[in-house]
Amino acid sequence: IGRSQSMQEVYRVMARLINTDLTVMIIGASGTGKELVARALHDFGKRKDKPFIAVNLGTIPSEQVESILFGTNDKNIKVEPVGKFQLAKGGTLFIDEVADMPMSTQTRLLRILQDEENLENENQDGQNSNVRIITSTQVDLKPLIENGSFREDLFFRLNVIPLNLPLLRERVEDIPELCNHFLKLSSFKEGLAQKSIVPKGIELLKLQQWRGNIRELKNFIQRLSVFCTDEIISEELVKKQLKQFTDNDNVGDLSVEGLSMSVEKHLLRYFELHGSSQPPPGLYNRILKEIEYPLIALSLSSSKGNQLRASKLLGINRNTLRKKISELDINVSQTKKMM
């Protein structure tokens, strides 16, 4: 849903992928619709009459991932003996949050994909390789490859076709259409009366950051549908619910407006202080240093000064972390007392 330029590009890539078995990696933040895209690639493709099996690795304990994907004969492990891979035979296996895949599972999946390239019907693990693999991630895998927690050879096999999904704030012109869609869903699925939002209310929604993206917008529209007793959702009700929504649902966020907006406002004030003249050269490195110092110091504090754990948390290798500690003159022993 949506006609923005960024979504038109997504549709163009999807159209080229529909009738292929190419391995796709869908890249996007939480709530941007990664599983929806995966389902569309399956439902309109040549495997549409076969199973579509989705598994979210982010919700599975790491020690169970391999058994859930590939099955097990171990009665001590409480999962189905037939894994998701076999259940998807002939169809599509969608692996959500692939960054959370343990190394041993990565190795086994790589072996299966290699066997498929060799045109074998069944690999040495006894897994049928006639499955289209679609994966998704909301994090950049390259830092994980650098620190050794994700296999580079597997990445290249999974990332044959990368498909990037835009954030909702990058496609605000789609918000009116999305709102209408979610209002219709609320009426159809929840039995609520069909409603619409006044134009000024839509404009308020377009000004929000929507850090949870489309999923967050959908939840908010459902809330409006419930609390509005009229057919028309007023600007006042949108304002009231937005205030409650941000107060209740954004607890723990960096700020109500988000880090990006905070930095932007800081920079605008900085430029205004210099009037018609420009700030001194070296602005890029000065701003990065201001952000990097608390980011690295607090990560070290959270890891109790353990640089290996801090590097994994940050998604950079240990040598890079040591270099940053030196460059930023961070006292590692002091960071232990910060939190």
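Helices here are DSSP runs of H or I with at least four residues, strands are E runs of at least two, and both are numbered from the N terminus. Counted that way, the chain has 16 helices and seven strands.

Okay, some ground rules before the tour. This is a predicted model, where local features need pLDDT of at least 70 and side-chain atom pairs count only at pLDDT 80 or more, while totals for chains, interfaces and linings use all residues. Residues are numbered from 1 along each chain as its sequence is written, and side-chain values use heavy atoms, with hydrogens and water left out.

So how confident is the predictor? pLDDT is its confidence in each residue, from 0 to 100. The chain's mean is 84, with 86% of residues at 70 or more. Residues 118-124 fall below 50, and that stretch has eleven contacts beyond near neighbours in sequence; a contact means heavy atoms within 4.5 Å. Residues 250-257 also stay under 50, with 13 contacts beyond four places in sequence.

Now the overall packing. I'll call a residue buried under 20% relative accessible area, exposed over 50%, and partly exposed in between, using a 1.4 Å probe and protein chains only. Buried residues make up 40% of the 339 in the chain. Of the contacts between residues at least 6 apart in sequence, 71% join residues at least 24 apart.

On to empty space. Rolling a probe the size of a water molecule over the atoms shows where it is left. We use a 1 Å grid over the protein atoms alone: a cavity is a set of points where a 1.4 Å probe fits but cannot get out, a pocket is an open set with protein on both sides within 12 Å along at least five of seven lines, and lining residues have an atom within 4 Å of a point. Points are joined across faces, edges and corners, and a volume is the space filled by probe spheres set on them.

The largest pocket comes out at about 780 Å³. It has 29 lining residues, and the closest to its centre are Thr32, Gly33, Lys34, Glu35 and Leu36. Elements giving two or more residues to that lining are α1 (5-17), α2 (34-43), α8 (175-190) and α10 (213-227). Which one gives the largest share? That's α2, with six residues. By class, the pocket lining has 13 nonpolar, eight polar and eight charged residues; nonpolar is Ala, Val, Leu, Ile, Met, Phe, Trp, Tyr, Cys and Pro, charged is Asp, Glu, Lys and Arg, and polar is the others, Gly among them.

There's also one cavity of 30 Å³ or more. Its lining includes Leu41, His42, Arg47 and Arg132, and by class that's two nonpolar, four polar and four charged residues.

The C-alpha atoms of Gly90 and Arg132 are 7.7 Å apart, though 42 residues separate them along the chain. Leaving out residues up to four places away in sequence, Gly90 touches Arg47, Lys50, Asn130 and Val131. Gly90 counts as buried because its relative accessibility is 12%.

Last stop, backbone angles. Most residues other than glycine have a negative phi. Trp210, in the loop between α9 (199-206) and α10, has phi near 50 degrees, and at 4% relative accessibility it counts as buried. Asn213 sits in helix α10 with a positive phi of about 60 degrees, and Asn213 is buried too, at 2%.

Technical notes
pLDDT is the predictor's confidence in each residue, from 0 to 100.
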